[in-house]
Amino acid sequence: MSDVDLAPPARSTPPAAEPARRSLGSRTVSVGPLPAALLLLVLVGTATTSGFATVDNIRAILTAASITGIVAVCMTFLTLSGNFVSLGVQQNTVLAAILFLSLTAAGAPLVLAVGVPLVVLVVIAVVQGVVVARGMNTVITTLAVGAILFGAMSSVTGGQVITTGGRSVGVLGQSLLFGVPVVVYGLVVVTAVAWLIATRTSVGRRCLLLGASRPTAVLSGVSITRTTVFAFVVLAVGATIAGVLTAAQLGQATANDLSTLTIDVVAAVLVGGTAMAGGSGSPVRSAAGALLIALLNNLMVLNGFTTGWRLAVQGALVVVVVLAVQRFSRAAR
């Protein structure tokens, strides 16, 4: 046998894995038609709606986009990995807010008041990740966990409003830095970190590959359990940050708060172009999608749309975007 026959393979990664890695940068940097859509909404709002272009209203839009965007950016990893979305984000976020306020009212230091909700949500995320990795449907699992959390919060609080007990925590949610709400900087930081993880780390590439082709991911040595758990944990971190910032803004929370957060986050992720089946998407585009949803909601509120009509418009927008993405994907293939 010749030396050539004994030579080790030139590459250990299956060929199908490399295109996924090479395409990661373009899939996670491009924002597609979102800038044009955002500009169009701004122009329409400025031209047709009184009070839209005021400083206070712009701050309100950015604040709403930041809370939704933080969760949407962190949910992107779950969708990228082929697990669609979590339908329990509202309950997880509210749980973080209630725990934060309860600990603050009890006199706990800020680090503990933030750290305990984070640990609790991460534990819940790990359990969900393991269950989903072993074959349970993501939607069913997260819906069930959300129902359990809502029931537990409603029973423990008795439907009462949880407050800070008089302690001030507004610096986290109400402060301005150079005229911009602090929560906006939170979104920027979370998006930047998420983008770096998605494009510059092996775990980010594993999420993408798992959603693009599970068989290829398995052949490449990707652990389905570890990758799925990672995606859930990232979402738990985002829900904790959003919950704490929301609690700091309002100074109170109930189990029924943030009733539209789930649909807002799902809409932001899908409008941002993340594929429902996984394998293609971007934290940056999810953040842009959150801004678009916040702009649209703000316009509808200023023009007197009821909650029902706002949800209907959002639902229609998601359907149109998903159909358009599927059509363009088929054309590209």
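Let me begin with contacts, meaning heavy atoms within 4.5 Å: among those in the protein chain that join residues at least 6 apart in sequence, 78% link residues at least 24 apart. Please keep in mind that this is a predicted model, in which local features need pLDDT of at least 70 and side-chain atom pairs count only at pLDDT 80 or more, while totals for chains, interfaces and linings use all residues. Residues are numbered from 1 along each chain as its sequence is written, and side-chain values use heavy atoms, with hydrogens and water left out.

The protein chain has 14 helices and four strands, taken as DSSP runs numbered from the N terminus (helices H or I, at least four residues; strands E, at least two). Of its 333 residues, 46% count as buried, that is, under 20% relative accessible area with a 1.4 Å probe, protein chains only.

Turning to one helix pair, α8 (residues 182-200) and α13 (residues 283-302) pack at an angle of about 150°, with their axes, lines fitted to C-alpha atoms over the stretch in contact, 8 Å apart. That makes α8 roughly antiparallel to α13, the word used for angles over 145 degrees. On the α8 side, Leu187, Thr191, Ala194, Trp195 and Ala198 meet Pro283, Val284 and Ala287 of α13.

Conventions:
Buried < 20%, exposed > 50% of the residue type's maximum accessible area, 1.4 Å probe, protein only. Axes fitted to C-alpha atoms, helices over the stretch in contact; angles between N-to-C directions. Parallel < 35°, antiparallel > 145°, perpendicular 65-115°, else oblique.
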